[in-house]
Amino acid sequence: MLSRLVREHNQKQQAVRRNNEQLRKEAIQAVSEVTDSLADTLNERVTTILKTQREIESEARKLSAQSVKYTKQTKQWLNMLEGFNSALKELGDVQNWAEVIEKDMREITTTLEFVHKGTIEGQMITAASSITVLAYYGVEACFMLPV
């Protein structure tokens, strides 16, 4: 009877050991599957992040190139605008110069007409009266009229 109890005990222990071994193998397999699943998920996320990072870097390079291009274009526009502004100033100077010359020529014409009328009508124009007339018309006495 003792031997039978020992045999039964040994058989139960072997069954428990086999069951434990089977459970250990299943646990290792389950942990391995979970680990693989987590690794795959993380790898997918890392791959997505790296892909997105490359796209962002590419877009940043494109943006930088566009910024340089637009900066150059803006500088060209500013130079062109400065040239245009300078040309407008020159035109204003030329216009002012032409208006001054035109005014001076009208004054000289008026003075000459006055002098001519004075000699035609037989009036004697003296140097003093010529300067007075010139001053009246706003012309500086920088020349002498013949008397």
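The model is predicted, with local features requiring pLDDT of at least 70 and side-chain atom pairs counted only at pLDDT 80 or more, while totals for chains, interfaces and linings use all residues. Residues are numbered from 1 along each chain as its sequence is written, and side-chain values use heavy atoms, with hydrogens and water left out.

The secondary structure consists of 2 helices and 0 strands. Helices (H or I, at least four residues) and strands (E, at least two) are DSSP runs, numbered from the N terminus. Helix α1 covers residues 2–120. Of the 147 residues, 7% are buried. Here buried means under 20% relative accessible area, exposed means over 50%, and partly exposed lies in between (1.4 Å probe, protein chains only). The accessible surface of the protein is about 13,000 Å². Carbon and sulfur atoms account for 61% of that surface. Areas were computed by the Shrake-Rupley method with a 1.4 Å probe; for residues, only the protein chains shown count as cover.

The protein has 4 salt bridges, each defined as a side-chain nitrogen of Lys or Arg within 4 Å of a carboxyl oxygen of Asp or Glu. One joins Glu21 and Arg24, at 2.4 Å from N to O. These two residues are 3 apart in helix α1, so about one helical turn separates Glu21 from Arg24. Glu21 is partly exposed, at 32% relative accessibility. Arg24 is also partly exposed, at 43%.

Another salt bridge links Lys62 to Glu59, with an N to O distance of 3.8 Å. Both residues lie in helix α1, 3 residues apart, about one turn of the helix. Lys62 has a relative accessible area of 49% and is partly exposed. Glu59, at 48%, is partly exposed.

Glu102 and Arg106 form a further salt bridge, at 2.5 Å from N to O. The spacing is 4 residues within helix α1, about one turn of the helix. Glu102 is partly exposed, at 38% relative accessibility. Arg106 counts as exposed, at 55%.

A nonpolar surface patch is formed by Val94, Trp97, Ile101, Met105, Ile108 and Leu112. Together these residues present about 580 Å² of accessible area. Val94 is placed in helix α1. Patches are made of residues with over 30% relative accessible area and no salt bridge; like charges are joined within 9 Å, and nonpolar side chains (Val, Leu, Ile, Met, Phe, Trp, Tyr) within 5 Å.
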